[in-house]
Amino acid sequence: MNSTADIILTDLTKIFHIGVFKRKVGVEKLSLSIPRGEIIGLLGANGSGKSTTLKMILGFLRPTSGRIQICGRDAGTRSSRELIGYLPENPRFQKFLKGRDVLSYFGKLNGMGGSVLSKRVDELLDWVGLGKAGEERTQGYSKGMTQRLAIAQSLLKRPKILIFDEPMSGLDPLGRIEIRNLIQRIHSELSDTTIFFTTHILSDVEALCSTVALLKKGKLELYCPIADLLTKDSENYSVTVSALPANLREGILKGNTSTETPLGVTIQVSGTDLLMNQLTELRKAGARIVSITSKRQGLEEALFSDKISIQGLAAGSVA
């Protein structure tokens, strides 16, 4: 992991004043250091502060207190915004414009023009799989095509940082796979580009991200590498055995979850040490080991299982 941080949030707080006497805390003392070239997933329930955090990074909202630095520059300044490519949750384009026209329009807004812009538009349309569709009006685009066009727009000026807000939201399974593959391609081919995105789809976070941050009621609940989170609990194993002597059956199966299968009896075992002990007992009993299958817990289980104390996981920067 690159030790250089592209985004640094320091004691970031945002308080919304509602009326004269009421106030609502959107984000409270949030500190994060997001390394260069990584894909970071920001998770949290509705109202947890995800969108507020993104809007402050982008300069759409000013923090009540704290500081945001984008590659060493203060957030909200023109110089910091030039470093960021942004994909909103629900991108919308003028229906009468062709895909090519959309990219040309945004390119000109970013100070691009002439043959340089034309060549860049061609490159990006091909890159996101919209080469032919670039000559069609966006009113005929599917949700997935619109997302891919919006991602192309975010890449126009080769930004150092990409901020995607719910990039897979509202897509069918095929569309999700297309966007996920596109994000993976960006990470692979543009290795120095940092990707920071929010989502409610945990399987996409697990597939794409190296690190996950979880917000809860505006506060950072955890920030750690996904690999550490997924291995926090012991691994689970399914051991299928046959030829288990009847007189030893009760002792071997005692305390284990087991099911009858056509191949024999499948025993669920948690933990590597317990697995080795169980295998030793089974061999002594004369059982034949048919198969051993390892099952790692998913991200959803890791985040929300009562067995895991997320308070004990590291919060703050990831080196």
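Some ground rules first. This is a predicted model, in which local features need pLDDT of at least 70, side-chain atom pairs count only at pLDDT 80 or more, and totals for chains, interfaces and linings use all residues. Residues are numbered from 1 along each chain as its sequence is written, and side-chain values use heavy atoms, with hydrogens and water left out.

Let's start with the sheet. Helices here are DSSP runs of H or I with at least four residues, strands are runs of E with at least two, and both are numbered from the N terminus. Two strands pair if DSSP finds at least two bridges between them. In general, strands of a sheet pair through backbone hydrogen bonds, either parallel or antiparallel. Here, 4 strands form an open sheet, in the order 2-1-4-5, and the pairing is antiparallel. Which strands sit at the edges? Strand 2 and strand 5 (73-74), each pairing on one side only.

Now look at strand 1, residues 5-18, and strand 2, residues 22-35. They pair in the antiparallel sense over 10 bridges. Find Ala5, and you will see Pro35 of strand 2 opposite. The hairpin of these two strands has 3 residues between them, and there Gly19 takes a positive phi near 75°.

On to strand 4, residues 65-70. Strand 4 pairs with strand 5 over 2 bridges, also in the antiparallel sense. There, Ile70 stands opposite Arg73.

Next topic: charges. Side chains of opposite charge can pair when their charged atoms come close. We call it a salt bridge when a side-chain nitrogen of Lys or Arg is within 4 Å of a carboxyl oxygen of Asp or Glu. How many salt bridges does the structure hold? There are 12.

For each, I will say how open the partners are. Buried means under 20% relative accessible area, exposed means over 50%, and partly exposed is in between, with a 1.4 Å probe and protein chains only.

The salt bridge of Glu82 and Arg78 spans 3.7 Å, N to O. Glu82 is partly exposed at 44%, and Arg78 is exposed at 69%.

Next, Arg120 and Glu123. Their closest N and O atoms are 3.4 Å apart. Both belong to helix 4, residues 114-127, and they are 3 residues apart, so about one helical turn separates them. Is Arg120 buried or exposed? Arg120 is buried, at 11% relative accessibility. Glu123 is partly exposed at 32%.

Then Asp204 and Arg176. Here the closest N and O atoms are 3.3 Å apart. This pair links distant parts of the chain, with Asp204 in helix 7 (residues 202-208) and Arg176 in helix 6 (residues 173-189), 28 residues apart. Asp204 is buried, with a relative accessible area of 0%. Arg176 is partly exposed at 24%. There is also a network: salt bridges that share partners join Arg100, Asp122 and Glu135.

Now the rings. Rings of Phe, Tyr and Trp (its six-membered ring) pair if their centres lie within 6.5 Å; planes under 30 degrees apart count as stacked, over 60 as edge-to-face and the rest as tilted. The structure holds 3 aromatic pairs.

Phe60 and Tyr86 have ring centres 5.8 Å apart and planes at 75°, so this pair is edge-to-face. Phe60 lies in the loop between helix 1 (50-58) and strand 4, and Tyr86 lies in strand 6, so the pair ties together parts 26 residues apart in sequence. Tyr86 is partly exposed at 24%.

Phe93 and Phe106 are edge-to-face too, at 6.2 Å centre to centre and 75° between the planes. Phe93 is in the loop between strand 6 and helix 3, Phe106 is in helix 3, and they are 13 residues apart. Phe93 is buried at 18%, while Phe106 is partly exposed at 23%. Ring pairs link Phe93, Tyr105 and Phe106 into a cluster.

Last stop: the largest pocket. On a 1 Å grid over the protein atoms alone, a pocket is an open set of points where a 1.4 Å probe fits, with protein on both sides within 12 Å along at least five of seven lines; lining residues have an atom within 4 Å of a point. The volume, meaning the space filled by probe spheres set on the points, is about 550 Å³. Of 17 lining residues, the closest to the centre are Arg81, Glu82, Ile84, Asn110 and Gln153. Strand 6 gives the largest share of the lining, 3 residues.
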